[in-house]
Amino acid sequence: MRPLNFKEYSFRFKSSENSIHIFDIVRKKFVVLQPEEWVRQHTVHFLIKEKKYPKSIINVEKQITVNSLKKRFDVVVFNSDGSIKILVECKSPDVTITQATFDQIARYNIKLNAEYLMVTNGLNHFYCQIDAVEEKYTFLREIPDFSR
């Protein structure tokens, strides 16, 4: 896998069924290493190691229903009250982040009501703060660190 625009993290790998698997520390299992998964695992480690979010408040690849369609979000970080602090959309490094990517995460966020959005392809990272009342978002230099 190609180097990404994150710090270097230590990952566990295994070879199984003619493919490489990477250990997901949130789901506590090995998953097939695809380019998007490479970005997702770096993002999870970034949230835990750099931003200091506890692993216990992070969820990875859960299904939601949006406009009666079943979709999967990549990563969410919860607040202590169960609301969503951060919604993350991960793309493969060879996928350019476009308006369509932001439209996708915005559709998910109508259902999830996150305070912050992060969109990344591992090379470029975009962070937004959501103003639900004004129905707009503001781009940020980074997402906030964990605080109780």
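Which helices and strands each supply at least two residues of the lining of the largest pocket?

1. Basis. This is a predicted model, in which local features need pLDDT of at least 70, side-chain atom pairs count only at pLDDT 80 or more, and totals for chains, interfaces and linings use all residues. Residues are numbered from 1 along each chain as its sequence is written, and side-chain values use heavy atoms, with hydrogens and water left out.

2. Pocket. The elements asked about are α2 (99–112), β8 (125–131) and β9 (136–140). Helices (H or I, at least four residues) and strands (E, at least two) are DSSP runs, numbered from the N terminus. α2 gives the largest share of the lining, three residues. The largest pocket has a volume of about 270 Å³. A pocket here is an open set of points on a 1 Å grid over the protein atoms alone, where a 1.4 Å probe fits, with protein on both sides within 12 Å along at least five of seven lines; lining residues have an atom within 4 Å of a point. The volume is the space filled by probe spheres set on the points, which are joined across faces, edges and corners.

3. Arg-40 and its partners. Arg-40 meets Glu-37 in a salt bridge at 2.7 Å, N to O. The term means a side-chain nitrogen of Lys or Arg within 4 Å of a carboxyl oxygen of Asp or Glu. Because Glu-37 and Arg-40 are three residues apart in helix α1, about one helical turn separates them. Arg-40 also bridges to Asp-74, at 2.3 Å, N to O. That pair links distant parts of the chain, with Asp-74 in strand β5 (residues 69–78) and Arg-40 in helix α1, 34 residues apart. Both Asp-74 and Arg-40 are buried (under 20% relative accessible area; exposed is over 50%, partly exposed in between; 1.4 Å probe, protein chains only). Shared partners join Asp-24, Arg-27, Glu-36, Glu-37, Arg-40, Glu-61 and Asp-74 into one network of salt bridges.

4. Lys-85 lies in strand β6 (residues 84–90). Lys-85 is buried yet has no salt bridge; Glu-115, the nearest side chain of opposite charge, is 4.1 Å away. For charge, Lys and Arg count as positive and Asp and Glu as negative, while His and the chain ends are not counted. Lys-52 sits in the loop between α1 (35–50) and β4 (58–66). Lys-52 is exposed, at 55% relative accessible area.
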